[in-house]
Amino acid sequence: MPFRINSQLAQLIEQHYPAVKTAGFHLSPVAGLTGESWRVSMSSGEMLARFHSPDRQISGADRRREHSILRHIARHNLGPCVRLYSSPWLLVDWLDGAPLAEDAFAGAAQDVLTQSLVKLHHLPLTGYRLDLQQQFAHYWQHIDRRRLTPAWLRLHKKMMRCRPPAPLRLSLVHMDIHAGNVLETPHGLRLIDWEYAADGDIALELAAMVRSNGWNAVQRHALVQRYVDAGGYRDLVLLQQQVNRWLPWVDYLMLMWFEVRWQQTGELKYCEWAQPLRP
């Protein structure tokens, strides 16, 4: 951990938890795609400290929004509880559990996960509306211009000119649901990494799940069927059509996010992930 961040987090913990000055605490890094988080171990329990860096802001994360949304869902056992928010730090409860294995995520756990998703989508709106075109315009300012092609320029103009699908139903959406962000805990499944959550179309959430997990048409149909069966929406055909309408938007969102992360980190994996999405 860089000394400045180490010192800043330590001072914050000691300020709000005076007992740790005597008992002590331990910080350990937690891996993640959008930057580092830190596990805080003390005698009174464990927390996860999430730092809001300029790079995270550029990639679309917002700790203030994340804090507000986690407080919004606090009574519904869907994610971690907030312990402290003091910009640029968000501290939440450390959830005991392990991420779902890929086979469990794609199989037995899907019914329970879908029920949690439906529960999330029936909560009141948060006031943080997801605007994909605004996000595209923001990402456009932070990509590597050397990687632009005429086809990409045409696609960008098209995505900025076209109207997004009119929502079937606006709800709170997580927008980053994959096996690594679903924990199996003693109290059931819990979702973590709420940094991209906002109010959006339920079909956009499903489309994002399909694309981020690389699911084929059969798996996509099965997801929508489970969602309808769980009470998430009444019209299977209409929901399936709406998910299909959102897929190109999700593809472009993923392309732009990968390209921004490449520009920020120089890590080859982001170029590799972006390549199949490049026009």
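## A tour around helix α11

In this predicted model, begin by selecting helices α9 and α11, and turn the view until you can see how α9 passes α11 in a right-handed crossing. The residues that form this contact divide into 13 nonpolar, two polar and two charged. To see them, show the side chains of Ile202, Ala203, Leu204, Leu206, Ala207, Ala208, Val210, Arg211 and Ser212 in α9, which meet Leu239, Gln242, Val243, Trp246, Leu247, Val250, Asp251 and Met254 in α11.

Two packed helices are described by the angle between their axes and the distance between the axes. For helix α9 (residues 202-212) and α11, the axes come within 7 Å and cross at roughly 60°. That angle makes α9 oblique to α11.

Stay with α9 for a moment and colour its residues by accessibility: is this helix mostly covered or mostly open? It is mostly covered, since nine of its 11 residues are buried. The buried residues are Ile202, Ala203, Leu204, Glu205, Leu206, Ala207, Ala208, Met209 and Val210. After α9 comes Gly214, whose phi is positive, near 65°.

Helix α8 (residues 150-161) and helix α11 (residues 236-265) pack at an angle of about 125°, and their axes are 12 Å apart. This angle makes α8 oblique to α11, and the crossing of the two helices is left-handed. On the α8 side, look for Trp152, Leu155, His156 and Met159, which meet Pro248, Trp249, Tyr252, Leu255, Met256 and Glu259 in α11. Sorted by class, this contact of α8 with α11 has eight nonpolar, one polar and one charged residues.

The tour now leaves the helix pairs for the loops. Most residues other than glycine have a negative phi, and most peptide bonds are trans. With that in mind, select Ser87 and Pro88, which are joined by a cis peptide bond with an omega of about 10°. Pro88 has its place in the loop between β4 (82-86) and β5 (89-93).

Move on to Met175, in the loop between β7 and β8 (182-185). Although Met175 is not a glycine, it has a positive phi of about 75°. Is Met175 buried or exposed? At 13% relative accessibility, Met175 counts as buried, because the limit for that class is under 20%.

Asp193, which lies in the loop between β9 (188-191) and β10, also deserves a click. Asp193 is not a glycine either, yet it has a positive phi of about 55°. At 23% relative accessibility, Asp193 counts as partly exposed.

For the next stop, select Ala106 in the loop between α5 (102-105) and α6 (110-121). Ala106 is partly exposed, with a relative accessible area of 43%.

Cys162 is partly exposed, with a relative accessible area of 30%, whereas Cys271 is buried, with a relative accessible area of 11%. How many disulfides are there to look for? With sulfur atoms required to lie within 2.5 Å of each other, the count comes to zero disulfides.

Note on methods
Residues numbered from 1 in each chain as written. Predicted model: local features only at pLDDT ≥ 70, side-chain atom pairs only at ≥ 80, totals over all residues. Heavy atoms only, no water. Axes fitted to C-alpha atoms, helices over the stretch in contact; angles between N-to-C directions. Helix = DSSP H or I, 4+ residues; strand = E, 2+ residues; numbered from the N terminus. Parallel < 35°, antiparallel > 145°, perpendicular 65-115°, else oblique. Left-handed = near helix turned anticlockwise from the far one by under 90°. Contact = heavy atoms within 4.5 Å. Nonpolar A, V, L, I, M, F, W, Y, C, P; charged D, E, K, R; others polar. Buried < 20%, exposed > 50% of the residue type's maximum accessible area, 1.4 Å probe, protein only.
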